[in-house]
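The sequence and the model come first.

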Amino acid sequence: MSGPLIDSFNKFLQNTGLFRNETRKNVTFVAKVDSSQMLRKPTMKWLKGKWMDLGSKAGKHLQFKETYDRNTKIYSYEMTIVKVVDGDAGGYRCEVTSKDKCDSCTFDISVEDAGEDAGELDFSGLLKKRKQKEEPEIDVDVWEILKNAKPCDYEKIAFQYGITDLRGMLKRLKKMRKVEPKKSDAFLKKLDPAYSVEKGKKIQLNVELSDPNAQVRWLRNGQEIKPSAKYIFESVGGIRKLTINKCTLADDAAYECVVGEEKSFTEVFIQEPPVTITKMLDDIHVVVGEKVEFEVEVSDEGANVKWMKDGVELSRDGKYRFKKDGTKHWLIINEATTEDIGTYYVYTSGGESKAELEVEEKELQVLQSIADLTLKAAEQAVFKCEVSDEKVTGKWFKDGVEVTPSNRIKMTHMGRTHKLVIDDVKPEDAGDYTFVPDGYALSLSVNILPAPTNLTIYSFFYHPEPPKIHLDTTGSFVNKNTIIVVAGNKLRFDVDITGEPPPTVCWKKGDMVRVSEGRVRVETRKNLSCFIIEGAERSDEGLYHITVTNPAGEDKADVMVKIVDVPDPPENVKCTGVGEDSASIQWDPPKFDGGVPVKGYLMERKKKGSSRWTRLNFDIYESTTYDAKKMIEGVLYEMRVFAVNGIGMSQPSASSKPFMPIAPTSEPTRLTVEDVTDGTCALKWLPPERIGAGGIDGYIIEYCVEGASEWVQANETPVEKNSYRVRGLPVGEKMLFRVRAVNIAGRSPPAVMAQAVTIREIVERPKIRLPRQLRTKYIKRVGEKVNLVIPFQGKPRPVVTWLKDGAPLDTKLVNVRTSDVDTILFIRQAAKEHSGQYTLSVQIENMEDKVTLEIQIVDKPGPPIAVTVTDVWGFNAALEWKPPKDNGNCEITGYTIQKADLKTKEWFTVLEHNRRPSCTASDLVMGNEYTFRVFSENICGMSDDAGISKNTAVIAKTGLKQKQQPYKEKDMCSSPKFITPLIDRSVIAGYSAAISCAVRGHPKPKIIWMKNKMIIGEDPKYLMQNNQGVLTLNIRKPSLFDGGKYTCKAINDLGEDEVECKLVVRVITEKEEAKK
């Protein structure tokens, strides 16, 4: 790896390369960053490919962890892939940034299938969950957990599974418990009382109906659901399915399936994915009275978090405040006190984080002390002191009595400086003056002494004194020159120094000189040198040299500082074996014992997915192996271990891989032989009587020759079905077989075949199993698909032959597919030519079985022929006809007769389903003339065309005679003449318009519409109407292009006529719109 942060981060302390991992196993990657030269915490990202940020994918499959070692100042970032699958293969990159600097490291993952027999027993491999088609985590039924839980646990379960509406959950649970199953006529299987699904996934609701043809309606909160890309309806036989894609919180509702008057009701609960912590808590160090803010960032904006201190949940009161902004959450303590010292935890439904709060008492430093004064009467006395905190106030005292301000005595406070000014000093002002800061056990004293009336000058002699170091070897010293400090504590080592003039003090560790500022510093006062370490770290350990010098000489001393700490966490915590309710745990001692021997260990365990750890021992356990008891079979557990020395208890170790206390099943039952051929043997059996919580992952089949002791495994991977065909067996040999059940705890005892099986072919007579629906005539309509599956039996495999009407099948018209157990006759689109008798023959050597089935392809019939009115009397007419030439390849079941008056030419049904080729039409109207038509019917329906009668039936009027008047026919013929012309029009674009005119003429003239002398054809934009000579041209939403000259021309045999008009199309302007 290379990059600008190599110097700052000292590279990643652990690089990665190419990893090969077996499927369904866990893999963990660790990247470490040295932050000793950085001012701020670095930011780490895990990426897959070029751009996919894995931080957003955190959950049960991808887990991230971040730790910080205060001693080495190294951040450790872990990424764990739980149960690696094929989709996890590819290139990965971890990228760390700090301000404008960046560094990265790449690695690849390849996934390989796990071998079945890996030699010695690998418990970590056996503790994997068995393979299932669906992940068990997805199938967690929250409602079943709530039904069986105690009411006091409801809130905990809701927080664990991301349920935000606790009140709504309790209402639904109450409603579910009241519902009692009822027998239903419409439903064979109703909806379950409730369903749960993760947000973003899909869910399918199924019901089974007693009537496969019944129609159903799906309702959501009482509103009918329409099919769409989100809601998909499916119908398979009597099963109706509703699939909801990409579920959101809006889909959390009540759903109903309605069939007629009956309903099936259910509740769908949308489970939000576990909320993970993307930014962990940081430790905070403050002094009394300062504000404390713990900040954490989670993966979801709507997440709920829980704050706890030393195992007690915090509530919103005057002391603690909670703040939320998007994905960020804060715990705020306005004014910290020493009572707030402790460990603070934050929990989400998918993660947790903790941090330490350290609160120190305030320390006030005196920057300038008060000096004694000797004054004469009437002079001014000024006392001044300076402290380290500008906000500190205080009081002045004289001989223990508080000084009161007056015109002569004034007290001021400016920044860090406090002054007491006394004007016109008097003899009674002499005394001991003290300044006492408020809230601190500190006082500064000074004396005022009256001056003598006469000035006297005194002389003295200066005597230099060599420097001397006076070490106090009591207290923290374990011997003459060694002092022990607990890591994280403050070390203050005072060394008395004498000498005149005051000597110069120098502290060194190796070649490094300690200065008066920083975490490790030296403070020097008169006759005293203080060596201070704030928050001792392991790097502070070593030999320190102190040297004091002045003109009179030099003195030296050495002090050994030893830093002791709690030990590092134990390592490599793993499960080495499991029982039905127990597990054996093993771990390695910590790499660093904290400078004090490790006394023993404390163990904790929890259920996977839970955040509650249970302490297993309260007395220190000295060994590095432990047998955990009283566990529940079939439940996944995790373990962690604490190391304990004389200083205290270490941080917890990394959690072990999940393990499950479980025992193998009992042996399978009723092992029998199903079939034997040359070289193969088919076995079948029943599941074990005792399965246990581990379930069954599959079965292992083994065989051996009778009399031998070496068993050979027949299948490489366990089979899930309760049957298996063993192949490659020696012909003629007697073989023994046995079957074992396999689960995550191992293999069960074997179920052994009582007698040996001879491997040879068994001849079985051929037999055709003709389905019941093919034992009668098989009828299909033209164009439909024919797919006949006919099973048969026989050994060895029989020869199958198909015939049609005694001749071989034409493979161009009919497709035949044959397997070992059945044969299929398939016709993609049936035609009448496919009708006939089909013969199926199954033959083994000289043994044969035959069946014959008749297939009839039918269609609608043709129309009847020769429809004739044979007689008319009164109000009745007799009709006769002949059957159609084409009966549709089936029997004619009847005829439908209709009549029509020649005046109106509207058809009315006279008779339906008439069986004979004749009928009598009654109740005809006198004076009308009728024509008739006849439709033929068969099982496919009525014919598309009808046979129309060749003659008509006239119903004459009886008892009336008409006097025939001489009639002179008038000649009505005339050439076309427009009686109403077209009128010029102006219309608005986009609004439909019409132009009209009127014409008369006989015979009826032909009308032609033209635009700009061009004939208007069948343009859908124009609609031409002729109502009793009134001609109308409708123009649909005209545009500027439709303007022009329109002409209407009328033509018949006697002549023609035409009219014209001008159509103007205008576009409305904005001003015109404003006027409206």
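The report below takes up the model, then the sheet, then the salt bridges.

## The model

This is a predicted model, in which local features need pLDDT of at least 70, side-chain atom pairs count only at pLDDT 80 or more, and totals for chains, interfaces and linings use all residues. Residues are numbered from 1 along each chain as its sequence is written, and side-chain values use heavy atoms, with hydrogens and water left out.

Strands here are DSSP runs of E with at least two residues, numbered from the N terminus. Two of them pair if DSSP finds at least two bridges between them. Strands of a sheet pair through backbone hydrogen bonds, either parallel or antiparallel.

Five strands build an open sheet with mixed pairing. Their order is β37-β44-β43-β39-β40. The edges are β37 (482-486) and β40 (512-513). Each has a single partner strand, so one side of each lacks a neighbour in the sheet. The partner of β37 in the parallel sense is β44 (residues 553-564), over five bridges. Within this pairing, V486 has V564 of β44 as its bridge partner.

## Salt bridges

Side chains of opposite charge can pair when their charged atoms come close. A salt bridge is counted when a side-chain nitrogen of Lys or Arg lies within 4 Å of a carboxyl oxygen of Asp or Glu. The structure has 36 of them.

Burial also matters for the descriptions that follow: buried is under 20% relative accessible area, exposed is over 50%, and partly exposed is in between (1.4 Å probe, protein chains only). K291 is partly exposed at 46% relative accessibility. E293 is partly exposed too, at 39%.

## Pairs that link separate parts

R408 bonds to D429 in a salt bridge, with the closest N and O atoms 2.7 Å apart. R408 sits in the loop between β31 (401-402) and β32 (409-414), and D429 in the loop between β33 (417-422) and β34 (431-437), so the pair ties together parts 21 residues apart in sequence. R408 is partly exposed, with a relative accessible area of 21%. D429 is buried at 5%.

R738 and E702 also form a salt bridge, their closest N and O atoms 2.6 Å apart. This pair links distant parts of the chain, 36 residues apart: R738 is in β56 (residues 734-743) and E702 in β53 (residues 698-705). Both R738 and E702 are buried. Elsewhere, salt bridges with shared partners join K490, R521, E523 and E534 into one network.

Notes:
Helix = DSSP H or I, 4+ residues; strand = E, 2+ residues; numbered from the N terminus.
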